[in-house]
Amino acid sequence: MAAKIDDCNNRVLSIQSHVVSGYVGNKAAVFPLQLLGFDVDIINSVHFSNHTGYPRGWEGDVLDGSKLLKLVDGLERNGLLSDDCDVSDPGYIGHILTGYIGSESFLRSVVTVVKKLKALNSKCRYVCDPVLGDGNPGKFYVPIELVAIYREHADVITPNQFETEQLTGISIQTITDAQHACSILHNIGVPLVLITSITFPPDYCRGADDNLKSAPVNSIAMFASKRSCTTGDGYDCTDEQYILYTPLLSGQFTGTGDICAALFLAWTANMQGDSYLGDALEKLAGTMHAIVKRTAEHAKNVSTSSSTAKQVFSREMRLIQSRNDILNPPKLFHSLKLAPLKEIR
């Protein structure tokens, strides 16, 4: 089923990388959003032949910040950014989605675009997948200067464990650590946080019947946190937090974070009710597990004696084959609502 959408805010401006072959960046994010009922305007920050994990490199071009601003200026001159909503109008851009950004200058141009769109539509959300790096081997893909910029401008942020640790300075070893890390991100102005993947250390794992303050064995966690404040000064706030565990699937895959951010945008866009965040997390986890599992099973059919390029290609996300799991997320996992930390700001 499509996500529940406000027709005046159903457009997404997605500024991400593009590959001719494979599924990362916009190639990974746009299809799920369109399936779920969103109109997506696409700006490709890079245009590459393939993602950078292939053994013989890649070819292509990189969009610089000035060209990004020119593209947006062209949209504005033709009334395509919209400051109105009626039957003859394209509608507001209600969401901005960004992924991998390779330079500080390009990100500053993105911030200029974000400010422009929020001036036209106060409801516009900036959903930021802060692609910085990962915990294995724990290195940055991008200049470290981007960290400070990411922290200051997003409405929704979807880091992995490594990226969360870099953004907050918190080493996540326990659920309480994850709660503190999200609290830091809330304190600097990000209302909604999704940590897309957390792998807890072995001594923090438990059997299925143990208490909830430890993690199941051979699991990976998703963690969502939403801050609501009754006043505009950032005080008198409450954090609603959920954790969800899925089985850990072996293998290294690209594009999972891009799909995850797009799905989280969709399922949190207009959901309402006391448990909407937990529901969104369950839909997200069901779809992601189905896609990754299908991809892993496909990759097993490729011989280890095949070329490295064929092996890499076999691990490209089976996105099209998973369209039914995107439209109708399988109900595989249950989210757990956590007691809030005692001190919030």
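The structure is a predicted model, in which local features need pLDDT of at least 70, side-chain atom pairs count only at pLDDT 80 or more, and totals for chains, interfaces and linings use all residues. Residues are numbered from 1 along each chain as its sequence is written, and side-chain values use heavy atoms, with hydrogens and water left out.

Ten strands form an open sheet with mixed pairing, in the order S3-S2-S1-S4-S5-S8-S9-S12-S13-S14. Strands (E, at least two residues) and helices (H or I, at least four) are DSSP runs numbered from the N terminus. Pairing requires at least two DSSP bridges between two strands. S3 (60–62) and S14 (336–338) are the edge strands; each has a single partner, so one side of each lacks a neighbour in the sheet. S3 pairs with S2 (residues 39–48) in the antiparallel sense, over three bridges. Phe48 stands opposite Gly60 of S3.

Helix H1 (residues 26–35) packs on the sheet and touches S1 (11–19), S2 and S4 (93–98). Contact means heavy atoms within 4.5 Å. The direction of H1 makes about 150° with that of S1. Axes are lines fitted to C-alpha atoms, for helices over the stretch in contact, and angles run from 0 to 180 degrees between N-to-C directions. Helix H7 (residues 256–268) also packs on the sheet, with S9 (192–198) and S12 (219–229) among the strands touched.

The axes of H5 (residues 161–168) and H6 (residues 175–187) come within 10 Å and cross at roughly 55°. Thr164, Leu167 and Thr168 of H5 meet Ala181, Ile184 and Leu185 of H6 in this contact.
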